[in-house]
Amino acid sequence: MRNFRPSLRVAITVPFALILVVTVALQALTQQANTARLIDTTSTRILDALMVASSNRLANFLDEPFRIQADIADAISRHGLYTPHDLGPIYRHLRGVYQDRYLDHTQMSVLDFGSEAGELAGMRREGAGAHFALMLKDASTQGQLRIYKGDHPGSEVVASYDTYDPRVRPWYAPFAQSGKAGWSDIYANYDERAEITISAASPVKVGNKLIGVMEADIKLDGLNHFLREEPLRGTGIIAITDLEGRLVAHSEPGSVLADGHNGTSRGERLRLQEAANPVLRAAAPAVAEAAPASTSGFQLDVNGQLYIGRVAPYSDIRGLHWRIVTLVPESDLLGDIRASSRRSLVWIAGFAGLGCLLGLWAIGWVTRPIQRTAQAANQLALGQWDTKITPVNAVQETATLVQAFNAMAQRLQHSFNDMRKQLRYDHLTQLLTRQGLLEEVDWDDARPAVLCLVGLDGFRAINDNVGHGTGNRLLQAIAERMRARFPDPVLLARVGGDEFAVLHLGPAHSAGELGSDIGRLFSHPFASGGDEVIVTASVGMVQGQLFAHALPEWLRNASVALGEVKRRGRGACMLFEPGMMEQSLEQARLANELRQALERSQFLLHYQPVVQMATGQVSGVEALVRWQSPARGLVLPGLFIPIAETSDLILALGDWVLRTATRDIAQRLAQLPANFELHVNVSARQLIQSDFSATLQQALHDSGLPPQHLTLELTESVLIEQDGQTEERLREIRAQGVKIAIDDFGTGYSSLAYLGLLPFDCLKIDRSFVRNLCSSPQDASIVSAVLHMAEGFDVAVVAEGVETAAQAQRLRQMGCSHAQGYWFGRPVPLEQVDWSARALPGGSAENL
């Protein structure tokens with residue numbers, strides 16, 4: 001028995017027969033119980049899904065007005081739209097955004113702004129279209145609230161009110177006092193329509209001062225329409241009540257307000273037991289008995305129709321406390337599942353016997369070719385690509401299996417050949433790949449050779465300026481020119497995105513001659529589609545006797561030489577020397593020391609004052625990192641920051657600087673000026689991290705530093721290389737309340753193109769322009785232009801590198817608001833910072 005192995009037919013047939021018999025027997029015994037349980041489970045899940053979907057849609061429906069208000073409040077605050085007695089800029093802004101951006105948000109019937117001075121400007125939707133009525137109260141209306149027929153003051157006045165004051169309305173006072181957004185009580189509008197509504201209200205502040213409240217009305221009739229459009233409702237009923245049992249909205253025809261009949265007060269909201277719909281009235285006792293804070297289920301029989309009901313609490317952080325009631329007919333949930341269950345049992349019993357007999361015969365017939373397929377698969381695994389199977393029966397599935405197997409064998413062989421080709425040849429240029437080049441060099445003895453590694457200069461900028469399509473065509477044009485200039489036996493390969501390898505075999509060429517030949521390749525423009533592109537190249541070279549196994553080392557050495565060329569200025573050729581490798585290793589050692597320095601807490605911060613030129617007062621500091629190395633002493637950032645930038649160390653180092661600086665300033669903030677700003681440098685690699693916004697928020701939370709006291713400085717390289725992701729990240733930073741400064745301004749060739757696109761609060765004039773400010777008219781003109789530009793953008797300016805009194809005086813005369821440099825104070829530890837006011841040339845801090 002130990003060696004007994006049943007045939008495939010027996011192994012499938014016996015379990016099949018047993019399973020079929022047992023399944024039919026069990027299904028007959030448990031049909032009734034399973035049907036009842038299925039009905040309960042299915043109805044519960046479907047109804048819960050309806051409840052969850054309705055709650056989620058309602059939450060999104062009710063959250064939209066607050067998001068819209070936040071955008072408008074931000075615009076009012078940032079652009080200074082509010083001016084007492086003149087609400088023209090506000091209602092024009094409301095009209096523009098309501099019509100252009102929020103037209104499809106039909107839940108809002110009114111969107112307006114009430115000021116602390118009792119003024120009001122708003123737009124009221126007229127019908128379901130794009131027509132709006134202006135509501136205005138300011139000096140232009142002589143203190144009256146006027147409602148115009150159109151969306152501008154020149155249209156007909158349809159109503160006016162002398163005593164209207166928005167500050168006493170339900171949507172104003174509670175939220176002006178609390179300073180938080182929320183929902184008002186349900187109330188009647190003040191206008192000629194007196195519609196019953198609920199308002200979303202949000203305070204509007206400029207700085208820390210309240211200037212008014214934004215509100216958006218949602219009519220109860222609009223909520224009724226919203227519930228009727230619930231896609232999962234079917235013929236069911238959805239209702240919303242408050243905690244007292246009064247209707248807020250329902251999905252049925254008619255209003256939730258009493259019409260004055262049957263002992264009700266006209267205009268008063270109906271209780272659930274007073275609803276016109278009999279199903280809602282029947283559900284009232286069950287809803288009243290349900291616990292307000294939990295979800296409860298119940299069933300109703302209304303006129304012979306069974307309804308499955310759920311009542312669940314609905315709350316949000318803005319003050320809503322409602323209950324959602326869903327009532328769905330059992331027929332909507334289950335259809336004819338009970339009758340279908342009984343019919344299915346009869347059919348199963350009838351076909352079970354026949355199916356068993358047919359199945360036993362079919363299994364034996366179908367499984368015969370399967371073993372043959374398994375055997376053929378083993379042969380295919382051994383690389384026998386010509387393995388084929390001939391079908392032995394006419395069953396479609398097994399015939400298809402055999403055909404698929406044969407086709408798979410052919411595709412595998414074809415894919416293997418294609419894969420080999422893709423590994424060996426670059427798909428864009430059809431040159432060898434790095435792997436292909438290594439495979440081509442397969443000789444055993446040493447051969448004289450010259451290897452040139454050609455790196456295109458500024459190829460990334462070319463891609464950014466003319467597009468990746470043109471960049472790809474440029475690479476193809478370069479490859480074609482290389483093939484024409486270096487025919488066989490020269491080996492050509494594309495070993496990187498913008499790097500080519502030229503391997504010349506034999507003694508005919510020296511490294512210098514080959515480098516010159518390559519240089520001449522780039523002396524003429526390249527045709528790239530309809531464009532002509534001029535590109536230069538840097539070349540790193542290796543020359544000597546080449547063994548096949550040494551080619552990877554040659555490529556590495558050529559890459560080191562290429563890196564040295566680009567470090568010295570690009571556009572040249574350089575032969576590898578052993579000292580270059582030592583320099584490369586030194587950078588690697590420095591990177592390793594930096595990693596250890598992070599682990600051993602060897603970094604410290606110095607702070608350089610930023611001075612307000614009008615008063616001489618210290619208005620902020622810039623945090624500058626220093627490395628206290630046990631072996632190297634105090635290392636300035638110019639040596640180790642470039643190394644950190646080319647590795648992952650800049651992320652950990654930048655995070656440490658941010659957390660340490662915010663903690664240091666937060667501890668001293670109480671003794672500093674009210675508008676004190678901490679400046680912290682952020683690298684482009686930090687900024688593009690997906691979790692940078694969360695890291696920034698956590699640093700502010702842990703340190704306790706208010707975000708308005710932090711300014712992040714970004715170099716112009718971020719602007720030059722910016723994309724949609726960078727812009728989104730900057731807006732996330734601004735949304736937290738943190739300011740953004742553009743450092744070293746004026747040194748990037750693309751900065752002006754992005755000033756109008758990216759959010760920023762400050763420009764820092766590069767020290768190279770300040771250094772010759774008093775002697776160079778050109779630099780003075782640049783500084784003046786930056787100052788006028790900053791004034792146009794309404795942002796602050798900080799001049800860097802101020803080292804003399806003459807520079808400080810000239811900057812002050814030109815209207816520069818802030819400056820920093822050795823003349824005001826060198827970077828020192830925080831406890832050594834001189835916080836006293838500076839005496840400025842042409843006047844002292846005391847007499848300003």
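Reader: What should I know about numbering and confidence first?

Author: Residues count from 1 along each chain as its sequence is written, and side-chain values use heavy atoms, leaving out hydrogens and water. The model is predicted, so local features need pLDDT of at least 70 and side-chain atom pairs count only at pLDDT 80 or more, while totals for chains, interfaces and linings use all residues.

Reader: How many helices and strands are in the protein?

Author: The protein has 25 helices and 30 strands. Both are DSSP runs, numbered from the N terminus: helices are H or I with at least four residues, strands are E with at least two.

Reader: What share of the residues is buried?

Author: Of the 848 residues, 45% are buried. Buried means under 20% relative accessible area, exposed means over 50%, and partly exposed is in between (1.4 Å probe, protein chains only). The protein exposes about 42,300 Å². Carbon and sulfur atoms supply 53% of that area. Areas come from the Shrake-Rupley method with a 1.4 Å probe; for residues, only the protein chains shown count as cover.

Reader: Among contacts between residues at least 6 apart in sequence, what percentage joins residues at least 24 apart?

Author: The figure is 61%. Contact means heavy atoms within 4.5 Å.

Reader: How are two packed helices described?

Author: By the angle between their axes and the distance between the axes. Axes are lines fitted to C-alpha atoms, for helices over the stretch in contact, and angles run from 0 to 180 degrees between N-to-C directions. Angles under 35 degrees count as roughly parallel, over 145 as roughly antiparallel, 65 to 115 as roughly perpendicular, and the rest as oblique. Take helix 14 (residues 551-568) and helix 15 (residues 578-599). Their axes are 9 Å apart, at an angle of about 80°. Helix 14 is therefore roughly perpendicular to helix 15.

Reader: Which residues make the contact of helix 14 with helix 15?

Author: Helix 14 brings Asn557, Val560, Ala561, Glu564 and Arg567. Helix 15 brings Met580, Met581, Gln583 and Ser584. By class, the contact has four nonpolar, three polar and two charged residues. Ala, Val, Leu, Ile, Met, Phe, Trp, Tyr, Cys and Pro count as nonpolar; Asp, Glu, Lys and Arg as charged; the others, Gly among them, as polar.

Reader: Is Val560 buried or exposed?

Author: Val560, in helix 14, is buried, with a relative accessible area of 15%. Val560 touches Phe576, Met580, Met581 and Ser584, not counting residues up to four places away in sequence. Met541 is 19 residues from Val560 in sequence and 9.4 Å away in space, C-alpha to C-alpha.

Reader: Where is Val542, and what does Val542 contact?

Author: Val542 sits in strand 20 (residues 537-546). Val542 is buried at 8% relative accessible area. Leaving aside neighbours within four places in sequence, its contacts include Trp554, Asn557 and Ala558. Ala449, Val450 and Leu451 are also among them. Val542 and Ala561 are 19 residues apart in sequence, with C-alpha atoms 8.5 Å apart.

Reader: At what angle do helix 15 and helix 16 pack?

Author: Helix 15 and helix 16 (residues 637-645) pack at about 90°, with their axes 10 Å apart. They are therefore roughly perpendicular to each other. Gln587, Leu590, Ala591 and Leu594 of helix 15 meet Leu639, Phe640, Ile643 and Ala644 of helix 16. That contact has seven nonpolar, one polar and no charged residues.

Reader: How do helix 17 and helix 19 cross?

Author: The axes of helix 17 (residues 649-668) and helix 19 (residues 692-703) come within 9 Å and cross at roughly 30°. The two helices are therefore roughly parallel. The contact of helix 17 with helix 19 has five nonpolar, four polar and four charged residues.

Reader: Where is Asp761, and what does Asp761 touch?

Author: Asp761 is in the loop between helix 22 (751-754) and strand 28 (762-765). At 23% relative accessibility, Asp761 counts as partly exposed. Not counting residues up to four places away in sequence, Asp761 touches Arg734, Lys739, Ile740, Val795 and Ala796.
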